[in-house]
Amino acid sequence: MDKVFIKGLAIETLIGIYDWERQIRQRLLLDLELAVDIRQAAAGDDIEHTLSYKTVADRLQQFVGESEFLLVETLAEEVARLLQQEFQVPWLRLRVAKPGAVVAAETVGVEIERGEWR
């Protein structure tokens, strides 16, 4: 299986458990690896036979941008669910980073893998 990846997708959203976090939008960074077989697309040089990273990025900008989750963990699970349902991705790795959440750290967040790698 091959992978399509997106690294450092920046999205502004409402996220957090503290009262002050519920009043502002914060920047999250998403890194994704999505399992896909690219052979047919490569053989025909045809975007219709692969997973369009632009389409995925646009959909995540819309979904995450409109979300209001308390936890980064919940957001990660819902993004994974969306990708598997809407884009038929059999396996994915997703990292959600929340820069600035801990003053002494460059970033914090979660990384999850869902599905089965073939």
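**View 1. Phe-87 in helix H3 of the predicted model.** In this predicted model, Phe-87 is found in helix H3, and because its relative accessible area is 18%, under the 20% limit, Phe-87 counts as buried. Leaving out residues up to four places away in sequence, Phe-87 touches Leu-51, Thr-55, Val-56, Arg-59 and Leu-82. The C-alpha atom of Phe-87 is separated by 22 Å from that of Phe-69, a residue 18 places away along the chain.

**View 2. The salt bridge of Arg-59 and Glu-86.** Arg-59, one of the residues touched by Phe-87, forms a salt bridge with Glu-86, in which the closest N and O atoms are 2.8 Å apart. Arg-59 lies in helix H2 (residues 53-66) and Glu-86 in helix H3 (residues 72-87), so the pair ties together parts of the chain that are 27 residues apart in sequence. Arg-59 is partly exposed, its relative accessible area being 22%, and Glu-86, with a value of 40%, is also partly exposed.

View 3. The side chains of Glu-33 and Arg-93 meet in a salt bridge with an N to O distance of 3.2 Å. This pair links distant parts of the chain, since Glu-33 belongs to strand S2 (residues 26-36) and Arg-93 to strand S3 (residues 91-97), 60 residues apart. Glu-33 counts as partly exposed at 23% relative accessibility, and Arg-93 counts as partly exposed at 24%. Both residues take part in a network of salt bridges that links Lys-3, Glu-33, Arg-93 and Glu-113.

**View 4. The salt bridge of Arg-95 and Glu-111.** Arg-95 and Glu-111 meet through their side chains in a salt bridge, with an N to O distance of 2.8 Å. Arg-95 lies in strand S3 and Glu-111 in strand S4 (residues 109-115), so parts that are 16 residues apart in sequence are tied together by the pair. Arg-95 is partly exposed, with a relative accessible area of 42%, and Glu-111 counts as partly exposed at 43% relative accessibility. The count of salt bridges in the model comes to 10.

View 5. In soluble globular proteins, nonpolar side chains tend to be buried together.

**View 6. A nonpolar patch on the surface.** Ile-17, Tyr-18, Trp-20, Ile-24, Leu-70 and Leu-71 form a nonpolar patch on the surface, and together these residues have about 620 Å² of accessible area. Tyr-18, one of the patch residues, lies in the loop between S1 and S2.

**View 7. The annotated segment of the chain.** UniProt lists residues 4-114, in an unreviewed entry, for "domain: Dihydroneopterin aldolase/epimerase". Over residues 4-114 the chain is 32% helix and 31% strand, and the end C-alpha atoms of this stretch are 15 Å apart.

Terms used. Residues numbered from 1 in each chain as written. Predicted model: local features only at pLDDT ≥ 70, side-chain atom pairs only at ≥ 80, totals over all residues. Heavy atoms only, no water. Salt bridge = Lys/Arg side-chain N within 4 Å of Asp/Glu carboxyl O. Helix = DSSP H or I, 4+ residues; strand = E, 2+ residues; numbered from the N terminus. Buried < 20%, exposed > 50% of the residue type's maximum accessible area, 1.4 Å probe, protein only. UniProt positions renumbered as here; feature names shortened; annotations may be inferred. Patch = residues over 30% accessible without salt bridge, like charges linked within 9 Å, V, L, I, M, F, W, Y side chains within 5 Å. Areas by Shrake-Rupley, 256 points an atom, 1.4 Å probe, with all protein chains shown as cover. Contact = heavy atoms within 4.5 Å.
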